[in-house]
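Notebook open, structure loaded. I want to go through it piece by piece and jot down what I find.

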Amino acid sequence: MMRCPRDETEMIGPDSPGLSLFSENGMHNCGKCHGMLLSSEAASSSVSREHLEKMHGLFEREGEGASLDCPACEAEMRARTIVFTRPDGTETGAMEIDGCPSCSSFWFDAGELQKLAPPFENADEEPEREAKALGILIQMLLLLPYRVS
């Protein structure tokens, strides 16, 4: 069982019924703070695993120490600011992502994701619906080119 690194809530994991998107991308979601954890080791999709492992290189030796311990392996996570490029060539706003230098896991705070897609009106009452929406957003982000700012 994984716990949220922000509030210790048990997270909704890739083995939850009806969440094949989570399984493909190795996602866990906190139903309380709506943050998302991605893990290349838990991803069943080779495409997702490849993208996550590539991103992991940004965190192995660089990044500022984050105040989070990785829920997967308990190593101290590192923070990097990443900007994604949309298909039309425009860039997203800068997103601070916490990455584990040890195990290829990444934490996306809900606030960072919600800069790109506002939460549902009843997000707190329907955490699985919000998790699915954020999961789709992350799946799209993983396919976009990015740069460290």
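Is Arg6 buried, partly exposed or exposed? I looked it up: Arg6 has 40% relative accessibility, so it counts as partly exposed. A reminder to myself before going on: this is a predicted model.

**Salt bridges**

I searched the whole structure and got four salt bridges. I started with Arg6, whose side chain meets that of Asp98 at 3.7 Å, N to O. The two come from distant parts of the chain, 92 residues apart, with Arg6 in the segment before helix 1 (20-25) and Asp98 in strand 5. I checked Asp98 too, and with a relative accessible area of 2% it is buried.

Next I looked at Asp109, which also forms a salt bridge with Arg6, at 2.8 Å, N to O. Here the partners are 103 residues apart, and Asp109 sits in the loop between strand 6 and helix 3 (110-114).

Then I took Glu91 and Arg147, whose side chains meet in a salt bridge of 2.8 Å, N to O. Glu91 is in the loop between strand 4 and strand 5 and Arg147 is in strand 7 (residues 146-148), so this pair ties together parts 56 residues apart in sequence. I noted Glu91 as partly exposed because its relative accessibility is 37%. Arg147 comes out as partly exposed as well, at 38%. Going back to the shared partners, I wrote down Arg6, Asp98 and Asp109 as one network of salt bridges.

**Strand 2 and its neighbours**

I followed strand 2 (36-39) next. Strand 1 (residues 27-29) pairs with strand 2 in the antiparallel sense, over three bridges. In that hairpin I counted six residues between the strands, and His34 takes a positive phi near 70°. Strand 2 also pairs with strand 6, again antiparallel, over four bridges.

Which residues stand opposite Leu37? I found His28 on the strand 1 side and Trp107 in strand 6. As for side chains, Met36 and Leu38 point one way from strand 2, Leu37 and Ser39 point the other way, and all are buried.

The largest nonpolar core has 19 residues, and Met36, Leu38, Phe84, Ile97, Phe108, Leu113 and Ile138 have the most contacts inside it. At least two residues each come from strand 2, helix 2 (46-60), strand 4 (76-84), strand 5, strand 6 and helix 4 (127-143). Helix 4 gives the largest share, five residues. I also found a second, separate core of 14 residues, with Met11, Ala75, Cys100 and Trp107 among them.

**Two loops**

Where is Ser102? I found Ser102 in the loop between strand 5 (95-99) and strand 6 (105-108). Leaving out residues up to four places away in sequence, Ser102 touches His56, Cys73 and Ala75.

Last, I looked up Glu74, in the loop between strand 3 (64-69) and strand 4. Glu74 counts as exposed because its relative accessibility is 65%, where the cut-off is over 50%. The C-alpha atoms of Glu74 and Cys100 are separated by 8.8 Å, though the residues are 26 apart along the chain.

Note on methods. Residues are numbered from 1 along each chain as its sequence is written. This is a predicted model: local features need pLDDT of at least 70, side-chain atom pairs count only at pLDDT 80 or more; totals for chains, interfaces and linings use all residues. Side-chain values use heavy atoms; hydrogens and water are left out. Contact means heavy atoms within 4.5 Å. A nonpolar core is a set of buried Ala, Val, Leu, Ile, Met, Phe, Trp, Tyr and Cys residues joined through side-chain atoms within 4.5 Å. Buried means under 20% relative accessible area, exposed over 50%, partly exposed in between (1.4 Å probe, protein chains only). Two strands pair if DSSP finds at least two bridges between them.
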